[in-house]
Protein chains: 2
Amino acid sequence: MKKPFKKLDDSQQYHILTTAMAEFSAHGYKNASTNRIVGAAGISKGLLYYYFENKETLYLSTAEFAYDHFTTHLLSRFTTEAEGFIERLARLSKLKHLYFTQHPEIARFVTHMYYAEGLLERYQSKMQTLREWSMKSMYENVDMTLFRTDIDREMAMKMIGWTFEGYIKEMEQYFEAEGIDFDQVDTYFEQFDGYLDTMRKLYYKEV
Amino acid sequence: MKKPFKKLDDSQQYHILTTAMAEFSAHGYKNASTNRIVGAAGISKGLLYYYFENKETLYLSTAEFAYDHFTTHLLSRFTTEAEGFIERLARLSKLKHLYFTQHPEIARFVTHMYYAEGLLERYQSKMQTLREWSMKSMYENVDMTLFRTDIDREMAMKMIGWTFEGYIKEMEQYFEAEGIDFDQVDTYFEQFDGYLDTMRKLYYKEV
DNA sequence: CTTTACTTTGACCACTCTGGTCAACTTAAT
DNA sequence: ATTAAGTTGACCAGAGTGGTCAAAGTAAAG
């Protein structure tokens, strides 16, 4: 990353970097095309190389930006208040979902980083931190005594997690296919709360 | 597909077609490389074009073979006997899992076909049949009265499905990372049955 | 042996796309 | 008018593409 790029508007930096992220997550580092990036970003080839020394630097700058953005916008915004496991995961899921709709390219690129191998080795310790954070944020200060005692807790937690994953995935597929209709975003949250109630009935002790 | 290819051993046909499938599912039709295919299959470039008129025909032959193989090996092998929803889905999952371990390239290519758009339009009616079959095989002759009455059935079925998906996905990731150890395949099935018991406890009426 | 028909090879072709450069041009500030 | 920063797109060498084809190999028949 050269100095001229740092002098740009934040919004223009964001624009270029997220465009690059979309390309990188879609095709991986090697098969990503700088030509497509400049095309999609609406800048000339020369300008891209006026901003970045080469493809590799662009990729690494992109990774750094994504990591920082993700951590400051998502991790810092999350508190571990006392609550049940289902409520905890619900809050986490909503946060993730919100971040995904507001910054889809970054979110997708972060998951790409999560699994990518190759250039991102310098980030693997950071990724490890991420993994540990997601562990901690799932369990810390969670009241496990709410679970009914006749079923295995490990299993229960796994199944609850899979339920959230499945529901979110289904919603994403639905919105991707049909387009987001804001009337239906309401029913989306109603349904979500419905699942929450059901899960409490299934996994928690009777009151 | 030309006549010389049809004269080959079944095993050699299978070998070439599955190699092509791996390439196609990994990179999609357009970015798949015939050079990589011949390299991985261990045949010369000329021979591939002695067997197939061009890349497109290779792709379509591949699709036809995959579809036929999948339907005859999986669909035909499945019966809709009377049972509960959990047991039905467990059988379906085990079948899928078995097919996936025995014919991974075909399985992956079929999922590729499921979502691919472009050349496979002639197959979309067949894909629709597949979709209908998977609906039918999930519900036909299933005893729904086993469910407890205080939770929504639709939700219950969804959540059960997500649990199976999640468990299978986790197992695949584990086996991919650690390699398949046959001692652990046993514990795999024990665990699976454990989840079945738990699910019955969660979703079925008490006996 | 020779001939004939079927297989198989890999060098080769024209073409597209790649990451990256750079002289020329525009814009803004002095 | 001068200088410096910003921006363009034609251009390059190289890699990889789908596809061809003369040549070589193989096996059976006469």
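The UniProt annotation "DNA-binding region", taken from an unreviewed entry, covers residues 33–52 of chain A. In this predicted model, the chain over residues 33–52 of chain A is 75% helix and 0% strand.

Chain B is superposed on chain A by a rotation of 180 degrees with 0.1 Å of shift along the axis, at an RMSD of 0.1 Å. That is the relation of a two-fold axis. Of the interface residues of chain B, 100% are also interface residues in chain A, so the copies meet through the same surface.

DNA strand D has 17 residues around it, of which Ala32(B), Thr34(B), Lys45(B), Tyr49(B) and Lys55(B) come nearest. Of the atoms of DNA strand D that come within 4 Å of the protein, 61% belong to sugar and phosphate.

| Residue | Polar atom of the residue | Distance to a phosphate oxygen of DNA strand D |
|---|---|---|
| Ala32(B) | backbone | 2.7 Å |
| Tyr49(B) | side chain | 2.8 Å |
| Asn35(B) | side chain | 3.1 Å |

The elements that give two or more residues to the surface near DNA strand D are α3 (34–41) and α4 (45–51) of chain B, together with α4 (45–51) of chain A. With four residues, α4(A) gives the most to this surface. By class, the surface near DNA strand D holds seven polar, six nonpolar and four charged residues.

Definitions and conventions. Residues are numbered from 1 along each chain as its sequence is written. Chains are lettered from A and ligands numbered from 1 in the order in which they are written. This is a predicted model: local features need pLDDT of at least 70, side-chain atom pairs count only at pLDDT 80 or more; totals for chains, interfaces and linings use all residues. Side-chain values use heavy atoms; hydrogens and water are left out. UniProt positions are given in the numbering used here, feature names are shortened, and annotations may be inferred rather than shown by experiment. Copies are superposed by least squares on the C-alpha atoms of residues with pLDDT of at least 70 in both. Contact means heavy atoms within 4.5 Å. A residue is near a molecule or strand if one of its heavy atoms lies within 4 Å of it. A polar contact is a pair of N or O atoms within 3.5 Å; within protein, one must be able to donate a hydrogen and the other to accept it, and residues adjacent in sequence count only if both atoms are side-chain atoms. Ala, Val, Leu, Ile, Met, Phe, Trp, Tyr, Cys and Pro count as nonpolar, Asp, Glu, Lys and Arg as charged, and the others, Gly among them, as polar.
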